[in-house]
Amino acid sequence: MTLAADASMLNPVTLFLEADLVVKTVMLGLAVASLWSWAVIIDKAVRFSSLNRQANAFEDAVGSGQSLEDIAAQAGPNPVHPLPRMLVMALADWREARTRGPLTENQANLLMSRIDRALDSLIAREGQRVENGLGVLSVVATSSPFIGLFGTVWGIMNAFGAIASAGNTNLTTVAPAIAEALFATAIGLAAAIPAYIAYNKFSIDAGKFTGRLESFADDLQAAVARRLAGPSTPAPQPASGDPARRGL
């Protein structure tokens with residue numbers, strides 16, 4: 001085999017242009033899948049970074065000693081981030097209940113139940129929102145190697161056809177088709193590996209963020225419960241380092 005032949009078999013453009021139509025279709029499909037997964041990866045990286053940065057700022061404000069009402073006022077009536085939105089929702093229910101006068105024990109229990117359902121519903125919606133796009137990564141990660149393998153098998157079939165047509169097993173006869181076939185596998189792996197890694201990372205990030213929302217919801221409900229208890233029934237003081245000490 002000449003050096004020119006070696007160089008051509010290492011050139012991705014040449015391998016694509018000289019490939020069979022089926023192998024070309026496989027390569028193009030895998031390339032599109034890879035670009036799609038990278039778009040999701042970049043979007044998720046930016047979104048999780050923004051969500052966690054805003055959550056850190058909000059929790060710092062809660063832990064600064066400001067009243068919950070002041071923090072909710074700073075967030076506005078319709079905050080975008082779920083943490084301040086949870087606070088606004090809980091305080092709105094609290095104020096609505098308090099405008100009717102002192103609450104009986106049954107009314108207090110109903111208020112806590114209503115807040116709990118509202119927070120759970122918000123957490124479920126936000127959990128689904130942060131997981132949007134992970135299905136794409138899962139599909140690309142699991143299907144790309146098999147699609148690339150299909151291209152490989154088809155390319156090897158072409159190699160056998162070339163052997164039959166040429167009537168010999170000279171390496172120069174079958175090398176181009178085999179190189180095209182292996183290139184399809186390489187594209188499949190190049191699409192699958194980043195998607196697989198990103199899927200696992202963002203799944204963990206989504207779980208951590210949902211847990212963060214659930215933790216804040218618990219603290220928020222504890223704060224409402226302490227208010228309902230009133231000064232006559234002082235709430236137990238949380239130990240040092242307890243999340244409930246974050247201004248709630």
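**V26 touches I147, G148, F150 and G151, leaving out residues up to four places away in sequence.** Contact means heavy atoms within 4.5 Å. This is a predicted model, with residues numbered from 1 along each chain as its sequence is written, and side-chain values use heavy atoms, without hydrogens or water. Local features need pLDDT of at least 70, side-chain atom pairs count only at pLDDT 80 or more, and totals for chains, interfaces and linings use all residues. V26 sits in helix α3. Its relative accessibility is 7%, so V26 counts as buried (under 20% relative accessible area; exposed is over 50%, partly exposed in between; 1.4 Å probe, protein chains only). W154 lies 128 residues from V26 along the chain. The C-alpha atoms of V26 and W154 are separated by 10.0 Å.

**The whole chain is built from eight helices and zero strands.** Helices (H or I, at least four residues) and strands (E, at least two) are DSSP runs, numbered from the N terminus. In sequence order the pattern reads α-α-α-α-α-α-α-α. The protein chain has 248 residues, and 37% of them count as buried. Among contacts between residues at least 6 apart in sequence, 78% join residues at least 24 apart.

**K44 is buried yet has no salt bridge.** K44 belongs to helix α3, which covers residues 21-62. Which side chain of opposite charge is nearest to K44? It is D43, 5.1 Å away. For charge, Lys and Arg count as positive and Asp and Glu as negative; His and the chain ends are not counted. Beyond its neighbours within four places in sequence, K44 is in contact with R129, V130, E131, N132, G133 and F202.

**E59 and R212 form a salt bridge.** The term covers a side-chain nitrogen of Lys or Arg within 4 Å of a carboxyl oxygen of Asp or Glu. The structure holds five salt bridges. In the E59 to R212 pair, the closest N and O atoms are 3.1 Å apart. E59 lies in helix α3 and R212 in helix α8 (residues 171-229), so this pair ties together parts 153 residues apart in sequence. E59 is buried, with a relative accessible area of 17%.

R85 meets E126 at 2.3 Å, N to O. R85 lies in helix α5 and E126 in helix α6 (residues 105-131), so their pair ties together parts 41 residues apart in sequence. R129 also forms a salt bridge with E126, with 3.3 Å between the closest N and O atoms. Both R129 and E126 lie in helix α6, three residues apart, about one turn of the helix. E126 is buried, with a relative accessible area of 4%. R85 counts as buried at 18% relative accessibility. R129 counts as partly exposed at 49%.

**Helices α5 and α6 cross at roughly 160°.** Their axes come within 10 Å. Axes are lines fitted to C-alpha atoms, for helices over the stretch in contact; angles run from 0 to 180 degrees between N-to-C directions. The two helices are therefore roughly antiparallel to each other (over 145 degrees; under 35 is roughly parallel, 65 to 115 roughly perpendicular and the rest oblique). α5 passes α6 in a right-handed crossing (the near helix turned clockwise from the far one by less than a right angle; left-handed if anticlockwise). On the α5 side, the meeting residues are P82, R85, M86, M89, A90, D93, W94 and A97. On the α6 side, they are L111, R114, I115, A118, L119, L122, I123, E126 and R129.

**Helix α4 (residues 68-75) crosses helix α5 (residues 82-98) at roughly 120°.** The axes of α4 and α5 come within 9 Å. That angle makes α4 oblique to α5. α4 passes α5 in a left-handed crossing. From α4, the contact is made by L68, E69, I71, A72 and A75. From α5, P84, L87, V88 and L91 take part.
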